[in-house]
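Please keep the sequence and the 3D view open while reading.

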Amino acid sequence: MEYEDILYEVRNHVAWITINRPEKMNAFRGTTCDELIRALNKAGYDRSVGCIVLAGAGDKAFCTGGDQSAHDGNYDGRGTIGLPMEELHDAIRNVPKPVIARVQGYAIGGGNVLCTICDLTICSDKAIFGQVGPKMGSVDPGYGTAFLARVVGEKKAREIWYLNKRYSGEEAVAMGLANICVAPEQLNATVQEWAETICERSPTAIAIAKRSFNMDTAHQAGIAGMGMYALKLYYDTDESREGVAALKEKRKPDFRKHAK
């Protein structure tokens with residue numbers, strides 16, 4: 001299977017799916033999301049694969065969310081907002097294999113959401129986590145908010161979204177967003193070691209465990225679906241467009257002059 005935006009490789013029963021857009025800080029566009037969905041399902045239902053790693057190419061970023069150069073009130077793909085985000089998030093949650101986020105640098109915006117949804121997150125001490133939506137005229141009204149509150153606690157989740165601060169790998173571990181933080185030179189080996197350990201476990205038991213964890217928050221898929229429609233309506237406003245315009249013009253946005 002040919003891919004344009006991602007890399008796919010299996011290492012000792014571990015499928016590595018890598019967003020390969022380092023020149024864009026591994027921000028995703030419509031093509032990226034579609035390829036990630038296909039690759040996740042390919043690995044998820046391949047009997048020879050026991051665990052999946054989601055990674056970003058290069059040294060700087062795991063993923064920085066939606067590609068703003070492909071966003072002008074709507075992104076460049078399919079789905080409610082021009083990106084099939086509901087499908088991508090559901091693919092990570094629903095494949096019967098654990099998905100490990102390997103974070104070597106920035107995990108910002110939609111990239112932070114991917115880390116939140118993945119079963120496990122392993123990061124280096126150069127990793128940086130955070131949200132930028134309210135600074136950019138955007139928000140994740142599903143798993144990125146509701147499920148994040150389950151992961152880090154509601155007070156911390158509100159801090160992350162309201163203040164848009166950035167957090168180190170060690171801080172991510174402390175709040176429960178990441179499992180372990182290691183030196184950059186140990187990151188790949190640690191990820192592979194954890195993944196190979198999972199591959200040694202009963203695949204049926206692991207699949208049942210994953211489904212069991214998901215059942216407790218399955219209702220949040222409905223929140224995400226409805227939230228994406230609200231987000232689409234928001235993207236059609238001058239207030240949201242101000243965020244993209246300010247980024248392009250390299251200035252501070254003035255959201256309040258457009259708010260209604």
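This is a predicted model: local features need pLDDT of at least 70, side-chain atom pairs count only at pLDDT 80 or more; totals for chains, interfaces and linings use all residues.

Residues are numbered from 1 along each chain as its sequence is written, and side-chain values use heavy atoms, with hydrogens and water left out.

The protein chain has 11 helices and 10 strands; helices (H or I, at least four residues) and strands (E, at least two) are DSSP runs numbered from the N terminus. Its radius of gyration is 18 Å, which agrees with the value near 18 Å for a compact globule of 260 residues; the radius is taken over C-alpha atoms, and the globule rule is 2.2 Å times the number of residues to the power 0.38. Along the principal axes, the C-alpha atoms fill a box of roughly 55 × 35 × 35 Å. Of the 260 residues, 51% are buried, that is, under 20% relative accessible area with a 1.4 Å probe, protein chains only.

The largest pocket has a volume of about 860 Å³. Of its 39 lining residues, Thr 64, Gly 66, Gln 68, Val 132 and Met 136 are the closest to its centre. A pocket here is an open set of points on a 1 Å grid over the protein atoms alone, where a 1.4 Å probe fits, with protein on both sides within 12 Å along at least five of seven lines; lining residues have an atom within 4 Å of a point. Points are joined across faces, edges and corners, and the volume is the space filled by probe spheres set on them. Elements that each supply at least two lining residues include α2 (85-94), β6 (106-108) and α10 (220-235). The lining divides into 20 nonpolar, 12 polar and seven charged residues; Ala, Val, Leu, Ile, Met, Phe, Trp, Tyr, Cys and Pro count as nonpolar, Asp, Glu, Lys and Arg as charged, and the others, Gly among them, as polar.

The second largest pocket holds about 540 Å³. It is lined by 25 residues, with Cys 118, Asp 119, Leu 120, Phe 147 and Phe 213 nearest its centre. Helix α9 gives the most to this lining, five residues. By class, the lining has 14 nonpolar, six polar and five charged residues.

Pro 141 lies in the loop between α4 and α5. Leaving aside residues up to four places away in sequence, Pro 141 touches Ile 223, Ala 224, Gly 227, Met 228 and Leu 231, where contact means heavy atoms within 4.5 Å.

Conventions. Buried means under 20% relative accessible area, exposed over 50%, partly exposed in between (1.4 Å probe, protein chains only).
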